[in-house]
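I opened the notebook to go through this complex one topic at a time. Below are my entries in the order I made them.

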There are 2 protein chains.
Amino acid sequence: MFPGRFRANTQHSTINGGPYDRAVTTDRAERSADAIRELIVTGRLTPGQRLSEQAVSETLDVSRNTLREAFRILVHEGLLVRRPNAGVAVARPTLADVVDIYRVRRLIEVPALAAGDPAHPGARTMRDAVDAALAARLGGDWRDIAAANMRFHSGIVALASSPRLDRVHANLSAELRLSFGLLGENGAFFDGFVDRNAGLLRRFLSGDADGAAADLNRYLTDSERMLQDIVDGAGAPGAADTVSP
Amino acid sequence: MFPGRFRANTQHSTINGGPYDRAVTTDRAERSADAIRELIVTGRLTPGQRLSEQAVSETLDVSRNTLREAFRILVHEGLLVRRPNAGVAVARPTLADVVDIYRVRRLIEVPALAAGDPAHPGARTMRDAVDAALAARLGGDWRDIAAANMRFHSGIVALASSPRLDRVHANLSAELRLSFGLLGENGAFFDGFVDRNAGLLRRFLSGDADGAAADLNRYLTDSERMLQDIVDGAGAPGAADTVSP
DNA sequence: CCCTGTCGGATTGTTCAACGAACCTCTACG
DNA sequence: CGTAGAGGTTCGTTGAACAATCCGACAGGG
């Protein structure tokens, strides 16, 4: 009705455009969910923080009803939790959650790698991710390293060529990054893993899938232990919630 | 001090069949989703069938907005598919879907059983499910057998004590039951598996977890092949689909 | 001082009505 | 026979409204 309504067209398809540019973006609720998910996994929303429907709907410029659909998605993914009549808040991963996430990761990733084919497109993803991680380490932003690391592991899962495994794993990654948020600036954490990933990849590409899988298993064990320590250490505050950036 | 601590968890376990009152999910959208899911997995809504927002909202006696939240959940679970500006329809599982579902099932169930402890509560679920299946076979309704069979396998997964695996597996079960809908009345399908489950369970309880896991592996292979034939036979008409009663 | 019960404001859960836009169908025309 | 329109139907999204519930402040008693 009013010009103010329209907004954020950006990549949005024009009125008609090519028939093929849709299917990816449309759908305001999904886009809102993407935006909020991004805020969560990048740590700009912290665990326990409450999200007011009105405030967020104004920020994202969508109606409350549409936003509620977005919340449904994120609650279903486990990134948000809902309390009856008290709205939603960013999930607060517990130690048990971290353990569980790693258990599932191990179950998915290790067999995928052990049975993987170095010629599979997923291997390309892994290679690119390692390169990106090496470059990011020079750049100095540990967030970039973390992102590349995640891509590396999603490449491993891709080796299985299973849409459902990809989906589940993507979800686990998001939950994990939510836990990473507790890292704060303490992300030197990842540096040691970059080389291990590179070695693992070399081994895999050379045909030693079983050896690579064994490497991965150790990696997951070590990584889990480190993350457990972090979550455990940061799990007591009790004070949380309420927006206030 | 901790009036309402948000904690990630509680997606009520849908294992229990009885619609007991218990702190009912006082959440209309979720309840609506449950109702629709039930219609889908019991075959009263057939693959490809379109769901009108207005019609369904009147049937369930909820507003269109609330129903849209329920649709979001089910789309996310893969039981409904959404076409832009054309609403939602019941998903139409393809052969690739069945293959993928079984791949993930195998990945989850076999290790869970192999590493399972006969003293775990999940074993009790398995035992009860076998008993129920044997009873249902006398009763004659193959749907009861199918339901018991599903409970048996969810018991296997429960052995792993992983909330996330439980959730994923429950979702797979729902998708599978959606495929079963194609069975029509042709469900003698399951009869042969009841005894196999019983044998598998006996083996597991006697301490031979590895042998039981091997049984399970064969079971999944056979079951998958049978289901593939069914889906293949029912999905024949060209690549294009569209409902066409 | 701390605990407890109550009250008002704020937020959520849910519904309704509305409107543009996209789709589907059926017709009329070349 | 095929195609272009017209019209109806449904979706996508919004804004407003109301009851139910929760949260925080406040007052009173131990």
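These entries cover the fold, the sheets, the pairing of the chains, the DNA surfaces and a few single residues.

**Entry 1: what I am looking at**

I noted at the outset that this is a predicted model. I started with chain A. I counted nine helices and three strands in its secondary structure. Reading along the sequence, I wrote down the pattern α-β-α-α-β-β-α-α-α-α-α-α. Chain A has 245 residues, and 37% of them count as buried. I then looked at contacts in chain A with a separation of 6 or more. Residues 24 or more positions apart account for 73% of these.

**Entry 2: the sheet of chain A**

In what order do the three strands of chain A lie in the sheet? I found an open sheet with the order β1-β3-β2 and antiparallel pairing. β1 (50-51) and β2 of chain A stand at the edges. Each has a single partner strand, so one side of each lacks a neighbour in the sheet. I followed the pairing of β2(A) with β3 (residues 87-90) of chain A, which is antiparallel and runs over four bridges. Within it, A:Leu80 has A:Val90 in β3(A) as its bridge partner. Next I asked which helix packs on this sheet. I found α3(A) there, touching β2 and β3 of chain A. The direction of α3(A) makes about 110° with that of β2(A).

**Entry 3: the sheet of chain B**

I repeated the search in chain B. Three strands form an open antiparallel sheet there, in the order β1-β3-β2. The edge strands are β1 (50-51) and β2 of chain B, each with a single partner strand, so one side of each is left without a neighbour in the sheet. Four bridges link β2(B) to β3(B) in the antiparallel sense. I picked out B:Val81, which stands opposite B:Ala89 in β3(B). α3(B) packs on the sheet and touches β2 and β3 of chain B, with its direction at about 110° to that of β2(B).

**Entry 4: how the two chains are related**

**Entry 5: the contact between the chains**

I counted 33 residues of chain A in contact with 27 residues of chain B. On the side of chain A that touches chain B, α3 (64-77), β2 (80-83), α4 (95-114) and α7 (163-180) each supply at least two residues. The largest share, eight residues, comes from α4(A). By class, I sorted this side of chain A into 16 nonpolar, seven polar and 10 charged residues.

**Entry 6: the surface near DNA strand C**

There are 21 residues around DNA strand C. The nearest are A:Gly87, B:Arg28, B:Ser63, B:Asn65 and B:Thr66. The elements giving two or more residues to this surface are α2 (53-60) and α3 of chain A, together with α1 (28-41) and α3 (64-77) of chain B. I sorted the surface near DNA strand C into seven nonpolar, nine polar and five charged residues.

**Entry 7: the surface near DNA strand D**

Around DNA strand D I listed 23 residues. Those that come nearest are A:Arg28, A:Ser63, A:Thr66, B:Glu53 and B:Gly87. α1 (28-41) and α3 of chain A, together with α2 (53-60) and α3 of chain B, each supply at least two residues of this surface. The classes are seven nonpolar, 10 polar and six charged.

Most residues other than glycine have a negative phi. A:Asp61 sits in the loop between α2 and α3 of chain A. A:Asp61 is partly exposed, with 14 other C-beta atoms within 10 Å. B:Asn85 lies in the loop between β2 (80-83) and β3 (87-90) of chain B. B:Asn85 is exposed, with 7 other C-beta atoms within 10 Å.

**Entry 8: B:Arg225**

I ended with B:Arg225, in helix α9 (residues 209-234) of chain B. Is B:Arg225 buried or exposed? B:Arg225 counts as exposed, because it has 11 C-beta neighbours inside 10 Å. B:Tyr102 is 123 residues from B:Arg225 in sequence, and their C-alpha atoms are 10.0 Å apart.

Note on methods
Residues are numbered from 1 along each chain as its sequence is written. Chains are lettered from A and ligands numbered from 1 in the order in which they are written. This is a predicted model: local features need pLDDT of at least 70, side-chain atom pairs count only at pLDDT 80 or more; totals for chains, interfaces and linings use all residues. A residue is buried if 20 or more other C-beta atoms lie within 10 Å of its own, exposed if 12 or fewer, and partly exposed in between; C-beta atoms are placed from the backbone. Two residues are in contact if their C-beta atoms, placed from the backbone, lie within 7 Å. Ala, Val, Leu, Ile, Met, Phe, Trp, Tyr, Cys and Pro count as nonpolar, Asp, Glu, Lys and Arg as charged, and the others, Gly among them, as polar. A residue is near a molecule or strand if its C-beta atom, placed from the backbone, lies within 6 Å of it. Two strands pair if DSSP finds at least two bridges between them. Axes are lines fitted to C-alpha atoms, for helices over the stretch in contact, and angles run from 0 to 180 degrees between N-to-C directions.
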